[in-house]
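Student: Please take me through this structure term by term. I would like each label set against the rule behind it.

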Amino acid sequence: MRTYRDAKLMAKALREAVAPQTALSHAQALEIIARQFGYDDWNILAAKIGEAEARPAAGTDQTGVTLNMGIPILRIFDLEKAKEFYLGFLGFSMDWDHRYGPEFPIYMQVSRSGLQLHLSEHHGDASPGSTVFVWMQGVDAYRAELIGKRYPFSKPGIQENGAGGRTLEVPDPFGNRIRFCEKRV
């Protein structure tokens, strides 16, 4: 779920969504996002974001170090296959993408229900054949959703005795695996 810290990404998504119907500047989009969070304008929201970032996080240790959840980077080789798999089959949303130029490799972020993954065509960013372990709830419902999509390249099953719990392992077209695991009750 997005929070006010994602305001700039939200403004970008808003601009892209309304672009076919109306021209909206980035500043106008930021003002709209600020009002959606209940603030009078972007300056007030930006100040609140700054205050929150200045406060030590709840998990800060005695040395002042705070570590947040990491974001796995997975190597991809074909943008269209990656979109078909991650956006179409797994149901993730595209948050953003970046290229240094029109013919350069892509680097992008996809997300679903709080899980963020970075996908990269850049040589050296990640090793093909990586595995990502994801704690989740609702593994049966997710499997049913995936099977219902009739994606011809994957029909994942649930391993009842996986490490940590019931595990739904889904391989992507590039040799990476995502293990969605629901803790045993």
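Student: What should I know about the model before reading any value?

Tutor: This is a predicted model, in which local features need pLDDT of at least 70, side-chain atom pairs count only at pLDDT 80 or more, and totals for chains, interfaces and linings use all residues. Residues are numbered from 1 along each chain as its sequence is written, and side-chain values use heavy atoms, with hydrogens and water left out.

Student: What is the average pLDDT of the protein, and where is confidence lowest and highest?

Tutor: pLDDT is the predictor's confidence in each residue, from 0 to 100. The protein averages 87, and 92% of the residues score at least 70. Confidence is lowest in helix α3 (residues 42–54), with a mean of 72, and highest in strand β1 (residues 73–75), at 97. Where pLDDT is low, the predicted coordinates should not be read in detail.

Student: Is Ser 154 buried or exposed, and how do you know?

Tutor: Buried means under 20% relative accessible area, exposed over 50%, and partly exposed in between (1.4 Å probe, protein chains only). Ser 154 has 6% relative accessibility, so Ser 154 counts as buried. Ser 154 sits in the loop between α5 (139–148) and β6 (158–162); helices (H or I, at least four residues) and strands (E, at least two) are DSSP runs, numbered from the N terminus.

Student: Which residues does Ser 154 touch?

Tutor: Contact means heavy atoms within 4.5 Å. Not counting residues up to four places away in sequence, Ser 154 touches Phe 89, Val 170 and Pro 171.

Student: Why are Phe 89 and Tyr 151 called a stacked pair?

Tutor: Rings of Phe, Tyr and Trp (its six-membered ring) pair if their centres lie within 6.5 Å; planes under 30 degrees apart count as stacked, over 60 as edge-to-face and the rest as tilted. By this rule the count comes to ten aromatic pairs. For Phe 89 and Tyr 151 the centres are 4.4 Å apart and the planes 20° apart, which is stacked. Phe 89 lies in helix α4 and Tyr 151 in the loop between α5 and β6, so the pair ties together parts that are 62 residues apart in sequence. Phe 89 is buried, at a relative accessible area of 1%, and Tyr 151 is buried too, at 7%. Ring pairs also link Phe 85, Tyr 86, Phe 89, Phe 92, Tyr 151 and Phe 153 into a cluster.

Student: What makes β7 and β8 a strand pair?

Tutor: Two strands pair if DSSP finds at least two bridges between them. Seven bridges join β7 (residues 165–171) to β8 (residues 177–183), and the strands run antiparallel.

Student: How many bridges join β6 and β7?

Tutor: Three bridges join β6 and β7 in the antiparallel sense. Gln 159 stands opposite Thr 167 in β7.

Student: Why are β5 and β6 said to stand at the edges of the sheet?

Tutor: Four strands form an open sheet in the order β5-β8-β7-β6, with mixed pairing. β5 (131–135) and β6 each have a single partner strand, so one side of each is left without a neighbour in the sheet.

Student: Why is β3 called largely enclosed?

Tutor: Five of the six residues of β3 are buried, so β3 is largely enclosed by the rest of the structure. Five bridges join β2 (residues 93–98) to β3 in an antiparallel pair, and six bridges join β3 to β4, again antiparallel.

Student: What makes a set of residues a nonpolar core?

Tutor: A nonpolar core is a set of buried Ala, Val, Leu, Ile, Met, Phe, Trp, Tyr and Cys residues joined through side-chain atoms within 4.5 Å. The largest has 27 residues, and those with the most contacts inside it include Tyr 86, Tyr 142 and Val 170. The largest share of this core, five residues, comes from α4. Apart from it lies another core of eleven residues, among them Ala 11 and Trp 42.
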